[in-house]
Structures are given as C-alpha cells and as structure tokens.
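Please look over the model below before reading the comments. They are meant for someone who has not seen it before.

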Amino acid sequence: MRAVRPLLTILVAVCLLLAANAPHNSARAAGDRTLTVEPALILADVMPGQTQTYSLTVKSGEAMKIDIAPQGLGQAADGGFQILPADQDASAYTARGYIKVAPRSFNLNAGGSKEVKVTIDVPKD
C-alpha cells in the first residue's frame, strides 16, 4: 500500500490579482493597454515544510502602476472557481497566507517589464 503524504496544491497567477491603475486614454488603440504575466499559470505541489519560489514577468503596453496581492480561490455555486478578495477568503483551508510577492507594487513604463518573485512557504503543521 502506498503511503499518502499531506500535499498542498496551490494555483497561483489566477490567485494573484494584478490591479493595474493605468490612466485611461480613449484616443489610444486597445492594444496599447495590454498587461501580460508570463507564465500565466503556476501549478505548484508544495509539501508541508517546503518553500518554493517562482519568477513571473509582468509586461505592460502603456505606463501604469501595478499592485499585486494574493487572492483566495473559492468554488462558485455552478462548480466553477471564483477569485475571493482577502475579506471573503475566510476558509480554514485558505493558502493565501502562504503566498508572498516581491515587489508588491511598482511602476511600469510603456513597453516595460518587471520580474516578480512569488514565494510559496507552507508551514510544517
């Protein structure tokens, strides 16, 4: 019989909400306001007591201020997933507190990019 170890699977990137506070300019083409994050998805199997760090690259088509905050991930009534802000992520099973982002806030110039480190630190207990 195979021993089953406790395992925490964390879905990041959807859970990291990028709040871009870009100035709106309706005269610009829609393509100029693009914001991309690569990789767009991180699926991490992190055991209790482990720490894993990942690099994301955030790119912007126009100058904007970026604020990043880990968000919760809940299940909607239709069975799909929904992002939960911190004040609604009250489950005893939330992993939001295990996720740290650096830097959490920065400015991007038009066409610029920034490397962001995401660290998942799961406690032993």
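The numbered points below go from the basis of the model to its fold, its salt bridges and its surface.

1. Basis. This is a predicted model, in which local features need pLDDT of at least 70, side-chain atom pairs count only at pLDDT 80 or more, and totals for chains, interfaces and linings use all residues. Residues are numbered from 1 along each chain as its sequence is written, and side-chain values use heavy atoms, with hydrogens and water left out.

2. Confidence. The average pLDDT (the predictor's confidence in each residue, from 0 to 100) is 77 for the protein chain, and 74% of the residues score at least 70. Over residues 1-9 the pLDDT stays under 50, and the model has 15 contacts for them beyond four places in sequence; a contact means heavy atoms within 4.5 Å. Residues 19-28 also have a pLDDT below 50, with 20 contacts in the model beyond near neighbours in sequence. Where pLDDT is low, the predicted coordinates should not be read in detail.

3. Fold. How many helices and strands does the protein chain have? There are zero helices and eleven strands, where helices (H or I, at least four residues) and strands (E, at least two) are DSSP runs numbered from the N terminus. Along the sequence the pattern is β-β-β-β-β-β-β-β-β-β-β. Of the contacts with a separation of 6 or more, 73% are between residues 24 or more positions apart.

4. Burial and area. Buried residues make up 26% of the 125 residues in the protein chain. Buried means under 20% relative accessible area, exposed over 50%, and partly exposed in between (1.4 Å probe, protein chains only). The protein chain exposes about 8000 Å², of which carbon and sulfur atoms supply 53%; these areas come from the Shrake-Rupley method with a 1.4 Å probe, and for residues only the protein chains shown count as cover.

5. Glu38 is partly exposed at 41% relative accessible area, and Lys59 is partly exposed at 35%.

6. Other salt bridges. Arg96 and Asp89 meet through their side chains at 2.9 Å, N to O. Asp89 is buried, with a relative accessible area of 8%, whereas Arg96 is partly exposed at 23%. Lys117 pairs with Glu115, the closest N and O atoms being 3.4 Å apart. Lys117 is partly exposed at 36%, and Glu115 is partly exposed at 47%.

7. Nonpolar patch. Leu73, Phe81 and Ile83 form a nonpolar patch on the surface, with about 300 Å² of accessible area together. Patches are made of residues with over 30% relative accessible area and no salt bridge; like charges are joined within 9 Å, and nonpolar side chains (Val, Leu, Ile, Met, Phe, Trp, Tyr) within 5 Å. Leu73 is found in strand 7 (residues 72-75) and is partly exposed, at 31% relative accessible area.

8. Ala69. This residue is found in strand 6 (residues 64-70). Ala69 counts as partly exposed, at 26% relative accessibility. Ala69 and Lys100 are 31 residues apart in sequence and 8.5 Å apart in space, C-alpha to C-alpha.

Notes. Salt bridge = Lys/Arg side-chain N within 4 Å of Asp/Glu carboxyl O.
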